[in-house]
Amino acid sequence: MPEPMQIPNDKEVLLLFPKIVSLDEDLNIPLNLFNLGTYLQSVGYRVAILNQYVEKEVFDEAVLRKLDDAFCVGITCMTAQLPDATRISRLIRERKPDIPIVYGGAHATLFPEQTARHPLVDYIVVGEGELAFQQLLERIEAGRDAEDVGGVGFVREDGRFVLNKDKES
């Protein structure tokens, strides 16, 4: 396991699980975010996870409260979660325009270029993304680009889509 890096205590990664369209269940457990959050904590990051099924009517307010502590927002997204993921991304962008928004999960993996080209998305992480997301966070913290991070995609300033091959493949 990688050595924990020293992250200032005031920096936090905010991970979000949006509502799934047409799913009326009271609770949907985001195991993927629990796995990612546990990994990120093991390498030194503070992590907050917000689940729209738990927060319900106060989800937006909870996200906005947590933004003050966050330096990056990760949103897991299946295609059926896209409407609420986009809505919450717009809310985040309006409140904190410079915070990086990273989409991961099934939709980003299946439709990487379409997802990365969305104006509210700064980066995507495809596949099993624990190591890729950690490396992306390190680049963001250091003010460096993600050109060499396997499993990460983005759109360059010149409009070209980039999806870095996973180094483990």
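Contact, as used in these legends, means heavy atoms within 4.5 Å. The model is predicted, so that local features need pLDDT of at least 70 and side-chain atom pairs count only at pLDDT 80 or more, while totals for chains, interfaces and linings use all residues. Residues are numbered from 1 along each chain as its sequence is written, and side-chain values use heavy atoms, with hydrogens and water left out.

**View 1. Helix 4 lies across strands of the sheet.** Helix 4 (residues 82-95) lies across strand 1 (12-17), strand 3 and strand 4, and runs at about 165° to strand 4. Helices (H or I, at least four residues) and strands (E, at least two) are DSSP runs numbered from the N terminus; axes are lines fitted to C-alpha atoms, for helices over the stretch in contact, with angles from 0 to 180 degrees between N-to-C directions.

**View 2. Tyr45 and Phe71 form a stacked pair.** Rings of Phe, Tyr and Trp (its six-membered ring) pair if their centres lie within 6.5 Å, with planes under 30 degrees apart counted as stacked, over 60 as edge-to-face and the rest as tilted. The ring centres of Tyr45 and Phe71 are 6.1 Å apart and their planes stand at 20°, so the pair is stacked. Both residues are buried, a term for under 20% relative accessible area, against over 50% for exposed and partly exposed in between (1.4 Å probe, protein chains only).

**View 3. Tyr123 and Phe154 form an edge-to-face pair.** Their centres are 6.1 Å apart, with 65° between the planes. Tyr123 lies in strand 5 (residues 123-125) and Phe154 in strand 6 (residues 152-155), so the pair ties together parts 31 residues apart in sequence.
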